[in-house]
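Biologist: Please take a close look at one helix and its side-chain contacts. Keep the answer connected, and give the cut-offs as you go.

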Amino acid sequence: MPTPHTQLLLLWRLWTPQGFSKLLGAKFKSPVPRVKAAAWQGDKESLRREMDSVRDRTAAVDLEIGQLTAQGCSPDELDVHIRKLHDYNELKDAAQSLLGQLAVLRGITTRDLYSNYGLDVED
């Protein structure tokens, strides 16, 4: 009998696109439709305006990146900040779930439970 680790590894191989391809004998096909360049229905002038708009937005973002770098910000700090926000959101979701379950057990609304603990419902 395979060990739990081996079973998990087998499941992982089956649940990856490559695993499905091997299992079904077909190539993985993405569900995201591809837009072909020939699908453009606008005229050349509207395409030029769109390209200019994209260039302007790119220049604005590049300028903002330069300003942030000059202030001492680094991409590594951004990664850390994003990771911390992700952790915070997961903890907040878990706490809200627990508070919701506690409200059900007590037979009161979540709003009432929040006010009992001095919490802001909008927070």
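Modeller: Helices are DSSP runs of H or I with at least four residues, strands are runs of E with at least two, and both are numbered from the N terminus. This is a predicted model: local features need pLDDT of at least 70, side-chain atom pairs count only at pLDDT 80 or more, and totals for chains, interfaces and linings use all residues. Residues are numbered from 1 along each chain as its sequence is written, and side-chain values use heavy atoms, without hydrogens and water.

The chain has five helices and zero strands. Take helix α3, residues 44–70. The expected span of a helix is 1.5 Å times one less than its number of residues. For the 27 residues of α3 that gives 39 Å, and the end C-alpha atoms are 39 Å apart, so the two agree. After α3 comes Gly 72, with a positive phi near 100°.

Now the salt bridges (a side-chain nitrogen of Lys or Arg within 4 Å of a carboxyl oxygen of Asp or Glu). The whole structure holds three. Asp 52 pairs with Arg 55 at 3.1 Å, N to O. Glu 45 pairs with Arg 48, with the closest N and O atoms 3.8 Å apart. Glu 45 and Arg 48 sit three residues apart in α3, about one turn. Asp 52 and Arg 55 are also three residues apart in α3. An α-helix has 3.6 residues a turn, so residues three or four places apart point the same way. Glu 50 and Arg 57 form another salt bridge, at 3.9 Å, N to O.

Accessibility comes last. Buried means under 20% relative accessible area, exposed over 50%, and partly exposed in between (1.4 Å probe, protein chains only). Asp 52 is partly exposed at 40%, and Arg 55 is partly exposed at 48%.
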